[in-house]
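Notebook open, structure loaded. I'm jotting down what I looked up, in the order I looked.

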Amino acid sequence: MNAERGSAKHGPRIDDEQKHETEGVVRGSGPTRAEEWADPEGVVDPEEELTPRNRPPGHKPGTPEGITPEAVERRSALAKWLSDAHWPSDRDDLLAHAEEKMAPDPVAESLRDLPDGEFHNIGEVARALGLGAERRRW
C-alpha cells in the first residue's frame, strides 16, 4: 500500500482535489476559492458605514411622498393578498378572493370599507380607501 496517499476513505483523485482546494490555507496565502460562499467577508470601516450614500433623485430610502408609513403597510398587505385576484373586480369579488385566501382580518375589514364600483388594480383600491398614492417626480 502506498504511504503517500492522504486518506483511505476515498481515492487518489479526490485526495488531489482536496489538496488543491486547501493549498492556499496551508500556505497561508488566503482563501482557496473552492467555495466562494464560504469566504469570509471583508471588514467594514466604521467611518465608511456612517457616511451617507449618494443616491440618484427619486431613489432615496423611506416613505414616498404622498403616502404615510402606515398607509404603505396597509397597501402592502392588500397587494400581498390580492396580487393574484382577477382584475377588474368589485368590492364583493375582492372580499371573496381575500376570504378564500384566508387573508388576515385587517385586510378583509379594509375591503369591506370599499365603496361600490369596479377596481382595475391595487392602486385604485388604495386610493378608494384613502391610503394615498405615491407621487413620482420625473
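**Helix pair α4/α5.** I started with how α4 and α5 sit against each other: they are roughly antiparallel, because the angle between them is over 145 degrees, the cut-off for that label (under 35 is roughly parallel, 65 to 115 roughly perpendicular, the rest oblique). I got a packing angle of about 170°, with the axes 9 Å apart. The axes are lines fitted to C-alpha atoms, for helices over the stretch in contact, and angles run from 0 to 180 degrees between N-to-C directions. From α4, the contact uses Arg91, Leu94, Leu95, Ala98 and Glu99, and from α5 it uses Ala108, Leu111 and Arg112. Contact here means heavy atoms within 4.5 Å.

**Ground rules.** This is a predicted model, where local features need pLDDT of at least 70 and side-chain atom pairs count only at pLDDT 80 or more, while totals for chains, interfaces and linings use all residues. Residues are numbered from 1 along each chain as its sequence is written, and side-chain values use heavy atoms, with hydrogens and water left out.

**Overall layout.** I counted 6 helices and 2 strands, in the order α-α-α-β-α-α-β-α from the N terminus. Both are DSSP runs numbered from the N terminus: helices are H or I with at least four residues, strands are E with at least two. Of the 138 residues, 19% are buried. Buried means under 20% relative accessible area, exposed over 50%, and partly exposed in between (1.4 Å probe, protein chains only). The accessible surface comes to about 11,300 Å², and carbon and sulfur atoms hold 50% of that; the areas are Shrake-Rupley values with a 1.4 Å probe, and for residues only the protein chains shown count as cover. I also checked contacts between residues at least 6 apart in sequence: 50% of them join residues at least 24 apart.

**Which side of α4 is buried?** I asked which residues of α4 are buried. They are Leu94, Leu95, His97 and Ala98. Down the axis of α4 they fall within an arc of 160°, so they line one face. The arc is taken over the directions from the helix axis to the C-beta atoms. Those buried residues pack against α3, β1, α5, β2 (118-119) and α6.

**And α5?** Its buried residues are Val107, Ala108, Ser110 and Leu111. They too sit within an arc of 160° seen down the axis, so they line one face of α5. Asp105 and Pro106 are exposed on the other side. The cover over the buried residues of α5 includes α3, α4 and α6.

A reminder to myself: an α-helix has 3.6 residues a turn, so residues three or four places apart point the same way.

**The core.** The largest nonpolar core has 19 residues, and Leu78, Leu82, Leu94, Leu111, Leu114 and Val125 have the most contacts inside it. At least two residues each come from α3 (69-82), α4 (91-100), α5 (105-112) and α6 (122-128). A nonpolar core is a set of buried Ala, Val, Leu, Ile, Met, Phe, Trp, Tyr and Cys residues joined through side-chain atoms within 4.5 Å. I picked Leu82 and listed what it touches, skipping residues up to four places away in sequence: Trp87, Leu94, His97, Ala98, Leu111 and Ile122.

Trp87 and Pro88 are joined by a cis peptide bond, omega about -5°. Pro88 is in the loop between α3 and β1. Next I looked at Ser89 in strand β1 (residues 89-90): it is buried, at 6% relative accessible area. Beyond four places in sequence, Ser89 touches Leu94, Gly117, Glu118 and Phe119.

Where does Met102 sit? It is in the loop between α4 and α5. I have Met102 as exposed, with a relative accessible area of 69%.

Ala77, in helix α3, is partly exposed at 26% relative accessibility. Gly123, in helix α6, counts as buried at 12%. Gly123 and Ala79 are 44 residues apart in sequence, and their C-alpha atoms are 9.0 Å apart.
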